[in-house]
Amino acid sequence: MKRKGIRMLTIFNRAELLITFDAALYGRCTGALAAAGIPYRVRTQYTGHASRRNGMWAAVGENLNCSVSYRIYVARKDLEWAKHVCRRAWN
């Protein structure tokens, strides 16, 4: 179902759909949103300890699978439809 007349997603008209550390879940959800024609915006944030400055790749005991957080935003008017689409992709 493609929607016409989509405006740009801004901080004022978007809602947070998903926050995850799982790259596979992120990929399934964004793929489903794209297939459904729902515009989305992604923010990623590295939360690990590694840096080029200190030359370390990880801290002792750090879970490298949880080093990047993914946030997916959609337009507020599309939030319920986006939830439905992503739930179908998760199962």
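# Reading a disulfide, a sheet and a core

A disulfide, that is, a pair of cysteine sulfur atoms within 2.5 Å, joins C29 to C86, with an S to S distance of 2.2 Å. This is a predicted model, in which local features need pLDDT of at least 70, side-chain atom pairs count only at pLDDT 80 or more, and totals for chains, interfaces and linings use all residues. Residues are numbered from 1 along each chain as its sequence is written, and side-chain values use heavy atoms, with hydrogens and water left out.

Q: How many disulfides does the rule give, and which parts of the chain does the pair link?

A: The rule gives a count of one disulfide. The pair links distant parts of the chain: C29 belongs to helix α1 (residues 23-36) and C86 to helix α2 (residues 79-90), 57 residues apart. Helices (H or I, at least four residues) and strands (E, at least two) are DSSP runs, numbered from the N terminus.

Q: Why is the disulfide of C29 and C86 right-handed?

A: The torsion about the S-S bond of C29 and C86 is about 70 degrees, so the disulfide is right-handed.

Q: Are C29 and C86 buried or exposed?

A: Buried means under 20% relative accessible area, exposed over 50%, and partly exposed in between, with a 1.4 Å probe and protein chains only. C29 has 0% relative accessibility and therefore counts as buried; C86, at 0% relative accessibility, likewise counts as buried. In the chain of 91 residues, buried residues make up 30%.

Q: In what pattern do the helices and strands follow one another along the sequence?

A: The chain has two helices and three strands, and the pattern along the sequence is β-α-β-β-α.

Q: In what order do the strands form the sheet?

A: Strands of a sheet pair through backbone hydrogen bonds, either parallel or antiparallel. Here two strands pair if DSSP finds at least two bridges between them. The three strands form an open sheet in the order β1-β3-β2, with antiparallel pairing. The edge strands are β1 and β2 (40-46), each of which pairs on one side only.

Q: How many bridges join β1 to β3, and over how many do β2 and β3 pair?

A: Six bridges join β1 to strand β3 (residues 68-75); T20 has Y70 in β3 as its bridge partner. β2 and β3 pair in the antiparallel sense over seven bridges, and Y40 stands opposite V74 in β3.

Q: Which residues touch the most other members of the largest nonpolar core?

A: A nonpolar core is a set of buried Ala, Val, Leu, Ile, Met, Phe, Trp, Tyr and Cys residues joined through side-chain atoms within 4.5 Å. The largest such core has 15 residues, of which L17, C29, L33, I38 and V74 touch the most other members. The elements that give two or more residues to this core are β1, α1, β3 and α2; α1 gives the most, with five residues.

Q: With which residues is C29 in contact, its neighbours within four places in sequence left aside?

A: C29 is then in contact with L17, L18, I72, C86 and W90.

How values were computed: Contact means heavy atoms within 4.5 Å.
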